[in-house]
Structure formats: C-alpha cells, structure tokens
2 protein chains.
Amino acid sequence: MTKQQLYENSKRKRSFLCIGLDSDLKKIPPHLTTVASDDPVFAFNRAIIDATADYCIAYKPNLAFYEDLGADGWLSLKKTVTYLRNNYPDQFIIGDAKRGDIGNTSGMYARALFEYLDFDAVTVSPYMGEDSVKPFLSYPGKWVILLALTSNQGALDFQLTEDKNGERLFEKVLRKSKEWATDEQLMYVVGATQSQLLQTVRQIVPDHFLLVPGIGAQGGDLNQVATYGMNRFGGLLVNSSRQIIYADSSIKFAEVAREEACKIQQAMADYC
Amino acid sequence: MTKQQLYENSKRKRSFLCIGLDSDLKKIPPHLTTVASDDPVFAFNRAIIDATADYCIAYKPNLAFYEDLGADGWLSLKKTVTYLRNNYPDQFIIGDAKRGDIGNTSGMYARALFEYLDFDAVTVSPYMGEDSVKPFLSYPGKWVILLALTSNQGALDFQLTEDKNGERLFEKVLRKSKEWATDEQLMYVVGATQSQLLQTVRQIVPDHFLLVPGIGAQGGDLNQVATYGMNRFGGLLVNSSRQIIYADSSIKFAEVAREEACKIQQAMADYC
C-alpha cells in the first residue's frame with residue numbers, strides 16, 4: 001500500500017485508528033475457548049475484525065501473542081492476515097515483531113514476515129544499525145516501521161541519552177535512518193506517552209507516517225498526539241489494543257469492541 | 001543451567017564453542033530435502049548435533065531461520081530443543097531471538113521461548129530499556145543474553161555513540177543492565193569483530209559470561225577473543241555457525257561438520 005492510499009483511506013473513513021490484535025488465549029472471551037472451535041484465537045480475531053473494520057484503517061497483530069502458542073499461533077496469525085487480505089483489502093496490516101539481526105538473518109525475518117505472512121509493514125528495532133534494517137527495505141510496496149521513541153517507562157533508559165552534541169539517541173535514529181529509505185518505505189514508532197516530544201520528532205521527519213502506540217491503556221492523549229503529530233498527509237496511525245479488543249468478555253464482546261472503536265474514530269474524525 | 005555448571009562443562013570438554021543452528025532449507029544438503037523426510041530441517045539439525053556435540057557446550061538456533069518456514073519451522077525448532085534436552089542434557093540451549101517489547105508483551109515472548117520452547121537462554125535487544133528485559137529475568141534458572149556490542153557493520157551506527165560524559169551506548173547498556181540481574185541470570189552479546197573493545201567490556205562486566213558471535217564467516221579472531229575476553233570462570237561462549245554446519249553439502253556433511261567443530265575445539269583447548 002502506498003502512502004497516498006493510506007492517506008486516502010484515512011480521509012474517507014475519517015479515522016487514523018490502528019487496532020492491535022494482541023490476542024491472548026487467556027484473555028479472550030471464555031465461550032470462544034470452551035465451545036468447539038479448533039482455532040479460538042482466529043475466531044476471536046475474525047469477530048473483532050468484522051465488528052471494527054468500519055472504524056479503522058490498519059490492524060496490528062503483535063507476534064508475541066501468537067508465538068506464545070507455538071506453531072498453532074503461527075497458523076492463527078497466517079489465517080488472520082489471509083482473512084484481512086481477502087475480506088478487507090483496504091486495511092494496512094502491520095506485523096509488530098520488533099525484529100533486527102545481522103544482515104543475512106534480518107533477510108530471513110523479512111522473508112518470513114513479508115512473504116510467508118504477507119504483512120504490509122513490520123516493526124524493526126534499530127539497535128543493530130543500518131545493515132540490520134536494510135533487508136526489510138528491499139521489498140517493493142512493503143514498509144519498515146522503525147522503533148524510535150517507545151511508549152514504555154524503559155524508553156528513558158537509553159532512547160533519551162544525549163550524545164556530546166546534545167542529540168538524543170531517538171533523534172539520531174530518526175536522522176540517520178531517514179537516509180536509508182524514502183518516506184514511502186519507512187515509518188517510525190513514537191509512543192503517545194511521549195507526546196511532548198512529537199514536535200521534536202516532526203522537526204526531523206516532517207513527512208513520514210508515525211505509528212503511535214500508547215493511547216488508552218498506556219495513558220496517551222489523542223488530542224496532544226493529533227495536535228503535534230499530524231502532517232499534510234495525516235501522517236499518523238494511532239494504535240489501540242486492549243481498550244478495544246478486551247472491552248467486554250461476554251458473548252457480546254464484538255459488539256462492545258465495535259462501540260469502543262467507533263468512539264475512538266469519532267474522536268479522530270475532528271482531525272481528519 | 002548455572003554459571004558453575006557451564007564453567008565445569010567448558011573445563012571438562014576443553015571447549016567454549018557454541019554452534020549456531022542457522023538451518024536454512026535452501027542451504028542444507030540437497031539429499032535431505034529430496035529424500036522422503038517430513039522434516040528435513042530437523043533431520044539436518046539432529047545429524048549436526050550428533051556429529052558435533054562432543055566438541056561444543058552450547059547450541060544456538062537463530063529463530064529467523066525457523067520462522068521463515070512458518071508453523072512448520074516452529075515445529076522443527078521445538079523438536080530440535082526437545083532432542084537436545086533428551087539426548088544431550090549438558091548442552092546449553094540458546095534461542096537467538098533478539099526480542100524486546102513493552103513489559104506485558106515481553107512477558108509473552110518469555111513464555112514462548114522459556115516455556116513452549118524450553119530454551120536455557122534468550123537473546124534480548126536493549127533498545128526499549130529495563131521493563132522490556134525484566135520479564136525474561138523472572139524465570140529461575142533461565143538466562144537473558146543482552147545485545148551490547150554486535151558483530152555487524154551496523155554496530156557502528158548507534159552502539160558506539162558517545163554521550164556527553166564520553167560513555168558509549170554499549171557501555172551504558174552494560175553498566176545499567178548489570179543492575180537488573182546477577183551474573184547468574186545475565187550474559188552479553190559482544191561481537192568477535194569488536195575484539196579490541198573486549199577489554200573495555202571486561203572492565204564493566206568482569207564476571208559475566210559473554211556470547212561472542214563473529215568467529216569464522218564474520219572475520220573474528222579466536223586468539224584475540226580468548227586473550228581479552230576470558231575471566232576466572234572462562235566466561236566465554238564463542239559461536240560459529242556457517243563455518244561448521246555448511247562446511248560440506250554432500251552425504252558426508254555431518255562428518256565434515258564434526259571435523260570443523262573438532263578443529264575449533266582444539267584451538268580452544270589451549271585456553272581451557
């Protein structure tokens with residue numbers, strides 16, 4: 001999917017919502033795991049997707065939740081991506097994997113995530129530098145979403161370290177990495193809990209899309225994110241996971257998830 | 001496995017060799033993929049393990065190579081770990097995954113890698129800080145191997161950045177993270193291609209084990225690594241992957257792999 005298509009989807013739906021499919025077998029509604037279903041995680045995802053697709057422009061399964069189920073989890077994940085591709089071709093599908101390894105090994109991850117699983121985009125960690133990221137950038141039409149400034153407390157440990165010129169690590173990651181690819185291939189993760197730093201981020205990467213986790217359960221503020229993070233292409237994908245997908249655990253879970261997604265979309269509509 | 005056990009295994013075998021099971025379906029001997037085998041990757045790993053176990057004290061499958069095969073790859077990986085557990089209980093089994101995510105998500109990765117796959121140790125990326133690493137440290141008897149200074153060219157991009165006090169990022173990672181756990185739970189990845197920096201690493205973490213990739217195909221030098229990296233517990237696991245496992249692609253591949261592993265072990269014996 002191109003940047004322009006993403007922008008158009010966002011305008012048409014008046015939404016920049018990405019829904020995180022952090023689907024944990026221990027947290028999904030009990031009736032899905034107790035009735036006869038050979039794949040309760042996929043059944044959950046399908047119901048959530050069908051209920052919420054009107055209100056979002058992207059879905060983001062986090063691979064940890066699927067790997068926890070081993071080979072079965074990979075099958076649930078593959079079925080979920082295929083289901084999205086076949087039924088909601090306008091949805092942008094992000095594999096939240098936070099991978100990164102030496103070049104030839106990153107190449108294997110890229111193949112797994114872009115070919116086997118057919119994600120549109122993959123989150124990648126910058127710690128190992130350019131040659132660990134480049135193999136993910138060699139797939140036409142696919143995207144790398146590089147971790148820059150994350151939404152967790154631990155972001156303070158290293159990402160904000162200032163070098164001797166006063167440049168912080170996340171700033172250096174943005175500045176260096178934007179030379180590796182265009183803004184048609186590269187986005188950045190910037191946590192909503194760091195919204196006071198969004199202006200700084202926008203000075204370095206004015207035209208890139210940003211994937212912003214941390215709205216909802218992690219405490220980020222949508223208004224601040226939109227005010228400081230939007231650009232002339234929209235330029236934002238704001239993720240919400242638990243607040244939507246675990247809003248209810250009864251037989252009405254999908255309906256309640258739809259209501260939650262709708263509420264967020266309505267709040268976003270003012271900015272689109 | 002405890003640090004003392006690892007040390008004793010190293011003394012007994014006069015080896016600190018770790019063999020990387022980067023088992024790529026496209027690179028393993030063709031006869032394994034053309035004869036009737038329902039799991040050529042596992043067949044390859046089993047043959048390599050049986051041939052080389054006398055000469056090494058650890059095995060390190062890199063998850064990228066298994067994920068590339070999707071759910072089937074996860075099954076091959078699980079069978080490989082189980083085979084090692086059942087037949088070579090003195091081998092230390094490292095899942096080279098380079099994971100790291102926000103706390104609850106890292107917890108899911110930890111469960112996948114320590115419970116479902118039963119690794120002894122997992123490589124973790126430090127970029128997201130303490131709360132992304134901590135969940136991996138809550139498993140008694142299991143280890144985190146944190147990326148500090150990697151063996152690839154991209155290590156220069158961020159890991160060597162000096163802060164305003166002259167501390168480089170990898171030094172900060174070592175200094176801060178050693179407060180998160182003891183040297184009975186935490187090791188570090190330090191690339192052999194950075195052997196001139198091993199003395200610096202040893203000043204900060206004198207007692208920790210180091211996992212050193214980059215010997216062989218990546219150009220590292222064993223003598224330098226041993227000279228600057230060893231401590232009173234041995235303190236080294238030196239990894240070699242391609243040089244051993246792909247030494248030969250004929251029907252004699254396992255025999256040739258054994259010879260290669262033996263050569264490295266003999267070079268290591270002088271230091272044990």
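Author: Let us begin with burial, for which one cut-off is needed: a residue is buried if 20 or more other C-beta atoms lie within 10 Å of its own, and exposed if 12 or fewer do. Please bear in mind that this is a predicted model.

Reader: Is B:Ser177 buried or exposed, then?

Author: B:Ser177 has 24 C-beta neighbours inside 10 Å, so it counts as buried. This residue lies in helix α9 of chain B, which spans residues 169–177.

Reader: Which residues does B:Ser177 touch, if those up to four places away in sequence are not counted?

Author: They are B:Pro126, B:Val133, B:Leu146 and B:Leu186. Separation in sequence and separation in space should be read side by side: B:Ser177 and B:Glu130 are 47 residues apart in sequence, yet their C-alpha atoms are 7.3 Å apart.

Reader: How many residues of α9(A) are buried?

Author: Seven of its nine residues are buried, and the helix is thus described as mostly covered. The buried residues are A:Leu169, A:Phe170, A:Glu171, A:Lys172, A:Val173, A:Leu174 and A:Ser177.

Reader: On which side of a helix do its buried residues lie? I have α11(B) in mind.

Author: In helix α11 of chain B (residues 222–229), the buried residues include B:Leu222, B:Val225, B:Ala226 and B:Gly229. These four cover an arc of only 95° around the axis, which puts them on the same side of α11(B).

Reader: Why is strand β5 of chain A said to be largely enclosed by the rest of the structure?

Author: The burial count gives the reason: seven of the seven residues of β5(A), residues 143–149, are buried, so the strand is largely enclosed. Its pairings may be read next. Strand β4 of chain A (residues 121–124) and β5(A) pair in the parallel sense over four bridges. Within this pair, A:Val122 stands opposite A:Val144, and A:Val124 stands opposite A:Leu146. With strand β6 of chain A (residues 186–190), β5(A) pairs in the parallel sense over five bridges, and here A:Leu147 stands opposite A:Val189.

Reader: What does the barrel of chain B look like?

Author: Chain B has a closed barrel of eight strands, running β1-β2-β3-β4-β5-β6-β7-β8 with parallel pairing. The twist averages 30° from one strand to the next. Strands β5 (143–149) and β6 (186–190) of chain B pair in the parallel sense over five bridges, and the bridge partner of B:Leu147 in β6(B) is B:Val189. Helix α5 of chain B (residues 70–87) packs on the sheet, touching β1, β2 and β3 of chain B, and its direction makes about 175° with that of β2(B). Helix α6 of chain B (residues 103–116) also packs on the sheet, where it touches β3 and β4, at about 150° to the direction of β3(B).

Reader: How is the relation between the two chains to be read?

Author: One asks which rotation and shift superpose one copy on the other. Here a rotation of 180° with 0.0 Å of shift along its axis superposes chain A on chain B, with an RMSD of 0.0 Å. That is the relation of a two-fold axis.

Reader: Through which surface do the copies meet?

Author: Of the interface residues of chain A, 100% are also interface residues in chain B, so the copies meet through the same surface. In terms of contacts, 47 residues of chain A meet 48 residues of chain B. Helix α6(A) gives the most to the side of chain A that touches chain B, with seven residues. The residues of that side divide into 19 nonpolar, 14 polar and 14 charged.

How values were computed. Residues numbered from 1 in each chain as written. Chains lettered and ligands numbered in written order. Predicted model: local features only at pLDDT ≥ 70, side-chain atom pairs only at ≥ 80, totals over all residues. Pairing = 2+ DSSP bridges. Helix = DSSP H or I, 4+ residues; strand = E, 2+ residues; numbered from the N terminus. Axes fitted to C-alpha atoms, helices over the stretch in contact; angles between N-to-C directions. Contact = placed C-beta atoms within 7 Å. Least-squares fit on C-alpha atoms with pLDDT ≥ 70 in both. Nonpolar A, V, L, I, M, F, W, Y, C, P; charged D, E, K, R; others polar. Arc of directions from axis to C-beta.
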